[in-house]
Amino acid sequence: MKALLGAVALFVAALAGRPAEVNDAAITGDALPAKLSDYRFFADLAGETPAARVIPYDLETPLFSDYAGKHRFLYVPEGHEARYDAEAAFDLPPGSAIIKTFGYPQAGKFRPIETRLLLRRASGWVALPYVWNAEGNDALLRRAGTRIPVTFTDPSGVTRRISYAVPNQNQCKDCHALSGAIAPIGVKARYLNHGGQLEKLLAAGMLDRLPADAPRVARWDDARAPIEARARAYLEINCAHCHNPAGAASNSGLFLELGRTDPVALGVRKRPVAAGRGSGGRDFAIQPGEPDASILLYRMESTEPGVAMPELGRATVHKEGAALMRAWIESMPKTAQAR
Amino acid sequence: MPRHWTLAALIAASPAAAQTVTVEAGPDAQERLQAALIEAKPGSTVRIGPGRFELTDGLSLDVNRVTVRGAGPDKTVLSFKGQLGAGEGLLVTSDDVVLRDFAVEDSKGDGIKSKGADRIVYKNVRVEWTRGPKPTNGAYGVYPVESSDILIDGVTVKGASDAGIYVGQSERIVVRNSTAMFNVAGIEIENSGYAEVTGNLVTHNTGGILVFDLPALPRRGAGHVAVRHNRVIDNDTPNFAPAGNIVATVPTGTGVLVMAENDVDVVANELSGNGTANIMIVAYRQPFEDKAYDPYPRHVQISDNKHGRAGFAPAMPGGAELAKALGGTLPPIFWDGTGGDQVKLIGTDKAPLLTLNLALGAGIDTARPQVGKLTQGVPTASFVNRLPSAMEAAAQ
């Protein structure tokens, strides 16, 4: 009875005073916690009430994932800071975690399907997929991934039924690998630099510095931004995690990072290497002025495995994204070699 | 008993020494097999039992020193007919992996891909698209890329819409005692170095064995490719590659095709029934912007080959007209002549050689055909790859 009273007292204190604290040992230990709740990233997991130093963020231009909504959170342990970098992903100290929950609205409410974790352990990053239970009150580790039937309404009002793929642990790494080691993708200055997000991280003592000239990517759907900037931001966040010299598509020679300038590497009149039927009978990744002669569009507009790009996490065509790439390729002069 | 004996016995008996996990056919094969591949410990074996495994997604292995072993290429079948995602059937991204005694069927993209996977052994594996040659089949059957030390031994690939066995951007490669049939290209070595292709049966493909060096790829071919003791017979399947791919330009009825690669030996092969040519040596003909790229083949040796019938159905542009002018068939050995003397094409084969004397990138209408014999020359010393002994042991 005394113990119970004590527990109640602690609980009340927690409610009234300090926010809940993350279970650091779950992040840094060698074990693979079975439940998302084991980490205590949220005081209230179902309601996504973040614990101390767990801060929500979003990306100015995000990866398309079958129109899923994504709730992202960054955790940096007390007494440590992420190291700012103008180009690369921020260097996050051991004990940090990136939390990303995927879901769709159901009856007006966000219903989570899976939560992907990137845990910064002393030995490097570990990527783990958790699948939410039917009750929606916790998610369970599912290293081998799974498929879940999902029905949702896309932005144009069309109802879609898809087999939603929760990636397996290796597939997490397929995208999140640089030279064979797991690395974060979106936690970069240019993707976070909007809505005061970087300022908030700085103020929370989670970021070491914030230069006034921090870069910022174009928002892919910002009609006022130049189409080139929007297209390149879209290509980088959707493709460049594999299509870079240290990524899973290094052998393709098609490199789509924002800083890349060589037109052939960017696909302009570049012949395919290992596209197979992914070529769609077209000769070049990008044929300037001719989206319908460009392999890039063919693969974006397909959902066939073996043809569709990206290879993982896409069972629907991103109509709006494809329209952007189409407009960009159309805008290229047919004779131009550059850009 | 001395103390160290006890220790040795303990180590030998411990599960870590030779851990084996077995996955049997049945429901939830996808998650059970993928889980076994993720949870495998270095040094362990994942055994796949006999039967058909109906898979819905690509499988992948990212743990070093794992052997994946089935009950035989006709007994353990990984079927990807119902595949909904991923670019290949099985992807390996770790080192010192042995794949043996199973089949991959009907994957939507490539069959088995290994990338950055050094010292990999493919032994007694079958990759097949079971509906026969179709442009909707996956591109590559067995597909190691960006790796060093690759052994492909006793493998069978059928129906690939690009190359059955494709090795790209890699070094130290042995492809031996394997069978490639009904693919667009039977075996292709691309932008690689120190490759031996030996003792294979390559038949009923569009083109038998291709040795390519292409521009605008991260890794240039280092050359030194030996094509020896292969049977390259009746490569007669009409080209079914999707346009845009380089192999879509390979004429039906090509035996061995060397494009722009250096230090290539085509030696002691049996070649016959190849309607365009038994052996073709060509430059890279398309425009390119890669300034470091050399479009010419150099130092090519063609010796001791046995030539059967060839050149009776030439499928390259202008081929029929050429054959007509030459009395109905083309000679068994074909050289575009591009690059002239700097190519240093030599050999002992007595079979006639057709040279077109084409300038780089020039149309076939500018050809100045000439029939002659190979230049006799001092043969370059052939090389033999010595792969790590553990790889040879794993392939026994």
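The legends below describe close-up views of a predicted model.

**View 1. The two domains of chain A.** The domain assignment divides chain A into domain 1, residues 26–216, and domain 2, residues 220–339. Taken over C-alpha atoms, the centres of domain 1 and domain 2 of chain A are separated by 25 Å. Their contact involves 22 residues of domain 1 of chain A and 19 residues of domain 2 of chain A.

**View 2. The side of domain 1 of chain A that touches domain 2 of chain A.** Elements that each supply at least two residues to this side are β10, α3 and β11 (177–178) of chain A. β10(A) gives the most, with four residues. By class, this side of domain 1 of chain A has 13 nonpolar, six polar and three charged residues.

**View 3. The contact between chain A and chain B.** In this contact, 36 residues of chain A meet 36 residues of chain B. On the side of chain A that touches chain B, two or more residues come from each of β9 (146–153), β10 (159–166) and α3 (169–175) of chain A. With four residues, α3(A) gives the most to that side. The residues of this side of chain A divide into 11 nonpolar, 16 polar and nine charged.

**View 4. Helix α8 of chain A and its buried residues.** Helix α8 of chain A runs over residues 319–331 and has 13 residues. At 1.5 Å a residue it should span 18 Å, and this agrees with its end C-alpha atoms, which are 18 Å apart. Within α8(A), the residues A:L324, A:M325, A:W328 and A:I329 are buried. They lie on the same side of α8(A), because they cover an arc of only 130 degrees around the axis. An α-helix has 3.6 residues a turn, so residues three or four places apart point the same way. The buried residues of α8(A) pack against α6 (227–239) and α7 (295–300) of chain A.

**View 5. The surroundings of B:D110 in chain B.** B:D110 is in strand β10 of chain B, which covers residues 110–115. B:D110 counts as buried because it has 29 C-beta neighbours inside 10 Å, where 20 or more are required. Leaving aside residues up to four places away in sequence, B:D110 touches B:G87, B:E88, B:G138, B:A139, B:Y140 and B:Y143. From B:D110 to B:D294 the distance is 29 Å, C-alpha to C-alpha, and the two are 184 residues apart in sequence.

Note on methods:
Residues numbered from 1 in each chain as written. Chains lettered and ligands numbered in written order. Predicted model: local features only at pLDDT ≥ 70, side-chain atom pairs only at ≥ 80, totals over all residues. Buried ≥ 20, exposed ≤ 12 C-beta atoms within 10 Å, placed from the backbone. Contact = placed C-beta atoms within 7 Å. Expected span 1.5 Å × (residues − 1). Arc of directions from axis to C-beta. Nonpolar A, V, L, I, M, F, W, Y, C, P; charged D, E, K, R; others polar. Domains from an automatic or database assignment.
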